Amino acid sequence: MKRTLQQRLAILSDAAKYDASCASSGGQRRDSRAGGLGSAGGSGICHAYAPDGRCISLLKILLTNFCIYDCAYCINRSSSNVERARFTPQEVVWLTLEFYRRNYIEGLFLSSGIIRSSDHTMEQMVCVARDLRTVHNFNGYIHLKTIPEASPVLVEEAGLYADRLSINIELPTETGMTELAPEKQTAVIRRAMADVRLGIEDAADRTLGGRPRRKFAPAGQSTQMIVGADGADDSTILASSAGLYGSYGLKRVYYSAFSPIPDASSRLPPKKPPLMREHRLYQADWLYRFYGFEVAEITAARSDGMLDLDIDPKLAWALAHRDRFPVDVNRAGREMLLRVPGFGVRTVDALIAARRHRRVRLEDLGRLKVSLRKVRPFIVAEGWTPLRLIDRQDLRALFEPPPMQMSLL
C-alpha cells in the first residue's frame, strides 16, 4: 500500500521520538540579513533548549525506519513488526521548508535507519543538508545523526552543512554492545567520533587573517547512551560518559531510559527503569562537568554503584561528608561553594561578586532565588549559624520527597 506523505510523516516523526540527542545548544546564529531563510537562534515551540533557556523548534524525523541491523533494544530493528515508511531526500527538504514557512520550526533534526548500506543512507542524509544550504539558502539549524560505519568522506561533507553532528555510542559498555547489538562495533563508533573531533578542531584553526578556516559542525558533536537495557550501573555509565567528554570533546552526552518494545528479546529487562534514574544521571553529569566533582566521589555514597533516586547527587554527597559543612559563604572558596546543595554556578559567581562589597546575609541569598530551606543546614552567613542542624539524624528526611500512595492497579 502506498502511503501518503502525511501518513509517512506520522510514522517517521513518531519513530524519531526515541532519539533524545536533538538539543541545539551551542548553535551559532547564521546571518540571514543578506537573504535566505531561517536562523539558528531565536524563539520556537519545540523540544530543544539552548543553555540560556531559549526553545529551539526542530522538525525531528527519520529518513526511514527500515533498517538492515537487528539491535535488540531498537524498535526499528530488522526483525521488528512495525509499520515501515521512507522519505526521499527531496521530500525531507520540502517538509523542512514548508514547516519553516508556517513558523512551526527553526531547524531540522534528521536521523535514519540503515537502508542498503551505511554509505547509501549517509549519502541521502548529506543530500538533504546540502540541498537545504546550497539550493534553498536555508540558514536554520541542522542536526544530522551520522552513521559511524559510513565513509569518512561523507561524514566530513555532512559537517560542512550541519550545525551539529551526533553519533550514538548506544550502550555504556562493550559487553552490552556485543550482547545486544553484535552487528555494531564500539571501536568503529569511537573512530568515527574521533574523526568528527579532528574535523572540528581543524576547522577551528585560524587563518593569517584571524578567521576560522571553514565551518565544520560549529555546534560540535553529541551522543546518546541507552540506560537500563543492560546491567551497567550508574557508576559505569558516568565513567563511560566522562571518558567520551575527555576523548572526543563532546558538547553533550544524552541519557535515554530504555523503553520496552513490542516482541522484545528475552535478553532485555521486562520493564523500563525509573525515569528519575535518567534525571539523576543528568544531574551527576552536570556535577563533574561544571562543579568540579570527580565521577568516583559522586557515586561513592552507595556500594551498588547506583545514584540515590530520592535525593539529588550533590545533596547525597553533602550528607555523606558532613564534616565539610557548614561552609562560611563570606570566606569559602569557589570550589567549596559549588559543593553546597542549592547553590548553582551563577549563584556562586553572584555571591562572590557581592561579598566584595558587603557581608552576605541569609536574606541576600533569598534575593538570588536560592532555596533557603535547602541551604540553611550547610552554610554560615552574617547573622546565621545552623548550630547543630548539620548533625541532625533526620536531616536526610527533611529533603526526601513525601511518601506517595501506591497504585492498586
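These are my notebook entries on a predicted model of a protein chain.

**Entry 1: ground rules.** I number residues from 1 along each chain as its sequence is written, and my side-chain values use heavy atoms, with hydrogens and water left out. Because the model is predicted, local features need pLDDT of at least 70 and side-chain atom pairs count only at pLDDT 80 or more, while totals for chains, interfaces and linings use all residues.

**Entry 2: the whole chain.** I looked up the helices and strands (DSSP runs, numbered from the N terminus: H or I of at least four residues for helices, E of at least two for strands). The protein chain has 15 helices and 10 strands. Of its 409 residues, 50% are buried (under 20% relative accessible area, with exposed over 50% and partly exposed in between, using a 1.4 Å probe and protein chains only). The chain exposes about 20200 Å², and carbon and sulfur atoms supply 52% of that. I then took contacts (heavy atoms within 4.5 Å). Among those between residues at least 6 apart in sequence, 67% join residues at least 24 apart.

**Entry 3: two helices.** How do H3 and H4 cross? The axes of H3 (residues 118-135) and H4 (residues 152-161) come within 9 Å and cross at roughly 25°. The axes are lines fitted to C-alpha atoms, for helices over the stretch in contact, and angles run from 0 to 180 degrees between N-to-C directions. That makes H3 roughly parallel to H4 (angles under 35 degrees). On the H3 side I found, among them, Asp-119, Met-122 and Val-126, and on the H4 side Leu-154, Glu-157, Ala-158 and Tyr-161. The residues of this contact divide into 6 nonpolar, 1 polar and 5 charged (Ala, Val, Leu, Ile, Met, Phe, Trp, Tyr, Cys and Pro are nonpolar, Asp, Glu, Lys and Arg charged, and the others, Gly among them, polar).

**Entry 4: Ser-118.** I stayed in helix H3 for Ser-118. Is Ser-118 buried or exposed? Ser-118 counts as buried, at 10% relative accessibility. Beyond its neighbours within four places in sequence, Ser-118 is in contact with Tyr-69, Ile-147, Glu-149 and Ala-150.

**Entry 5: Val-253.** Next I found Val-253 in strand S8 (residues 252-257). Val-253 is buried, with 0% relative accessibility. Not counting residues up to four places away in sequence, Val-253 touches Thr-223, Met-225, Ser-241, Tyr-245, Tyr-282 and Asp-285.

**Entry 6: Arg-356.** My last stop was the loop between H12 (345-354) and H13 (362-367), where Arg-356 is found. Arg-356 is exposed, at a relative accessible area of 65%. Its C-alpha atom is 9.0 Å from that of Asn-330, 26 residues apart along the chain.

Note on methods: Parallel < 35°, antiparallel > 145°, perpendicular 65-115°, else oblique. Areas by Shrake-Rupley, 256 points an atom, 1.4 Å probe, with all protein chains shown as cover.
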